[in-house]
Amino acid sequence: MSTHELEDRPERWSVTESSYLYEGDWVVSLRADQVRRAGAEGEEPFRRLVLEHPGAVIVLALDDGDRVLCLAQYRHAAGRRFVELPAGLLDGPAEEEPLDVARRELREEALLEAEDWTHLATTWSSPGISAEVMHLFLARGLSTVDRGDFVLEHEEADMETFWVPFAELRDAVLEGRVGDGPLVQAVLLAEAKGLVPGAENDSAL
């Protein structure tokens with residue numbers, strides 16, 4: 001049995017120098033830091049790149065029949081059209097909470113609102129290089145709404161939406177047919193937490 005405490009903890013090593021390699025108006029910035037290892041003042045600092053990111057929310061929206069609202073969206077960096085869940089950036093006002101962003105993204109991308117929200121987890125997508133934090137939610141009690149004055153552009157303008165039984169989506173995850181990281185996490189977390197009753201039995205049919 002491990003005696004190590006199984007819990008992430010905040011920690012910040014000193015930065016002796018910092019500069020931006022890219023700083024634009026689209027989502028991310030790339031920063032170069034010279035980092036000194038904690039407790040090793042005699043060592044030379046080493047260089048680390050940090051992809052600054054505002055963070056994101058992901059919504060696993062389930063209807064009364066345990067179907068999941070999915071999106072199919074082109075992602076240029078990967079050269080692939082992924083099956084995804086409604087998601088969006090924490091790029092609004094500083095006081096805006098992740099749940100508020102999740103509600104907005106569900107409305108804008110899926111034309112839905114939800115009565116019941118459950119926080120599944122908060123995860124870091126690639127902490128060795130990226131500061132992106134992802135907040136995953138389960139949404140139930142769905143009803144249709146309009147998109148308001150939000151206009152879909154670029155990849156979102158080409159986005160497809162469709163409903164998939166949860167058990168089928170879970171099987172696609174386990175068989176490697178869908179590989180979007182946040183979707184995989186949300187599906188497995190919802191099942192592991194027992195938030196989708198009967199999913200295991202449905203899969204065996």
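I take buried to mean under 20% relative accessible area, exposed over 50%, and partly exposed in between, with a 1.4 Å probe and protein chains only. By that rule I noted Phe-46 as partly exposed, since its relative accessible area is 27%.

Before going on, I recorded that this is a predicted model, in which local features need pLDDT of at least 70 and side-chain atom pairs count only at pLDDT 80 or more, while totals for chains, interfaces and linings use all residues. Residues are numbered from 1 along each chain as its sequence is written, and side-chain values use heavy atoms, with hydrogens and water left out.

**Entry: aromatic pairs**

I looked for rings of Phe, Tyr and Trp (its six-membered ring) whose centres lie within 6.5 Å, calling planes under 30 degrees apart stacked, over 60 edge-to-face and the rest tilted. The count by this rule is two aromatic pairs. Trp-13 is partly exposed, at 32% relative accessibility.

I then turned to Trp-117 and Phe-137, whose ring centres are 6.2 Å apart with planes at 80°, so this pair is edge-to-face. Trp-117 belongs to strand S8 (residues 112-124) and Phe-137 to strand S9 (residues 133-144), and the pair links distant parts of the chain, 20 residues apart. Are Trp-117 and Phe-137 buried or exposed? I found both of them buried.

**Entry: helices H2 and H3**

I fitted axes as lines to C-alpha atoms, for helices over the stretch in contact, with angles running from 0 to 180 degrees between N-to-C directions. The axes of H2 (residues 166-174) and H3 (residues 181-192) come within 10 Å and cross at roughly 120°. H2 and H3 are therefore oblique to each other, given that angles under 35 degrees count as roughly parallel, over 145 as roughly antiparallel, 65 to 115 as roughly perpendicular and the rest as oblique. Taking contact as heavy atoms within 4.5 Å, I listed Phe-166, Leu-169, Arg-170, Val-173 and Leu-174 from H2, against Leu-183, Val-184, Val-187, Leu-188, Ala-190 and Glu-191 from H3.

**Entry: Ala-167**

Ala-167 has its place in helix H2 and is buried, with a relative accessible area of 10%. From Ala-167 to Ala-131 I noted 36 residues in sequence and 32 Å in space, C-alpha to C-alpha.

How values were computed
Helices (H or I, at least four residues) and strands (E, at least two) are DSSP runs, numbered from the N terminus.
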